[in-house]
Amino acid sequence: MLYMPKFLGLNIILSLAIALNLSDVANSEQVCKVTDPTGTPLNVRETPNGKVVNALRNGREVYIIQTDDDDKNRPWALIGGYYQGKYRVWGWVLREFISCYNR
């Protein structure tokens, strides 16, 4: 019979638990939502601070594709998401009006 000290068995169990937890984090998907504090639809633009091409309501689930700063050093995000079952790239929005979390 193989003898394993208690502390070694506990270390193996703890290591496995940590590895499984990190695996869950690595497999989680980052999702974002429109959270414009004004309560009005968020303007979506062709380019950072460019022409308005659309507007999205608070709560719309989006994905950040890219980020960039405009000439005033304000952060912008190129976002996409699903609409009527199809994925589309919406355009650019001020990054501060998008809140993200891991799903």
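Is tyrosine 83 buried, exposed or partly exposed, and at what relative accessibility? I looked it up: tyrosine 83 has 40% relative accessibility, so it counts as partly exposed. My cut-offs are under 20% relative accessible area for buried, over 50% for exposed, and partly exposed in between (1.4 Å probe, protein chains only).

**Ground rules.** I am working on a predicted model, in which local features need pLDDT of at least 70, side-chain atom pairs count only at pLDDT 80 or more, and totals for chains, interfaces and linings use all residues. Residues are numbered from 1 along each chain as its sequence is written, and side-chain values use heavy atoms, with hydrogens and water left out.

**Disulfide.** I searched for cysteine sulfur atoms within 2.5 Å, the rule for a disulfide. The count is 1 disulfide. Cysteine 32 is joined to cysteine 100, S to S 2.0 Å. The link is right-handed, with 100 degrees about the S-S bond. Cysteine 32 sits in strand E1 (residues 30–34) and cysteine 100 in strand E7 (residues 98–102), so the bond ties together parts 68 residues apart in sequence. I took strands (E, at least two residues) as DSSP runs, numbered from the N terminus. I then checked accessibility: cysteine 32 is buried at 1%, while cysteine 100 is partly exposed at 28%.

**Core.** Next I looked for nonpolar cores, meaning sets of buried Ala, Val, Leu, Ile, Met, Phe, Trp, Tyr and Cys residues joined through side-chain atoms within 4.5 Å. The largest has 16 residues, and Leu56, Val62, Ile79 and Ile98 have the most contacts inside it. Strands E1, E2 (42–45), E5 (75–83) and E6 (86–94) each give two or more residues to this core. I followed isoleucine 79 and listed its contacts (heavy atoms within 4.5 Å). Beyond four places in sequence, isoleucine 79 touches residues including Leu56, Val62, Tyr63, Val89 and Trp90.

**Aromatic pairs.** I paired rings of Phe, Tyr and Trp (its six-membered ring) with centres within 6.5 Å; planes under 30 degrees apart are stacked, over 60 edge-to-face, the rest tilted. I found 3 pairs in the whole structure. Tyrosine 63 and tyrosine 87 are tilted, because their planes stand at 50 degrees, with centres 6.4 Å apart. They link strand E4 (residues 61–69) with strand E6, 24 residues apart. Tyrosine 63 is buried at 16%; tyrosine 87 is partly exposed at 40%.

Tyrosine 83 pairs edge-to-face with tryptophan 90, at 6.1 Å between centres and 75 degrees between planes. Tryptophan 90 is buried at 6%. I also noted a cluster of Tyr63, Tyr82 and Tyr87, linked by ring pairs.

Key: Helix = DSSP H or I, 4+ residues; strand = E, 2+ residues; numbered from the N terminus.
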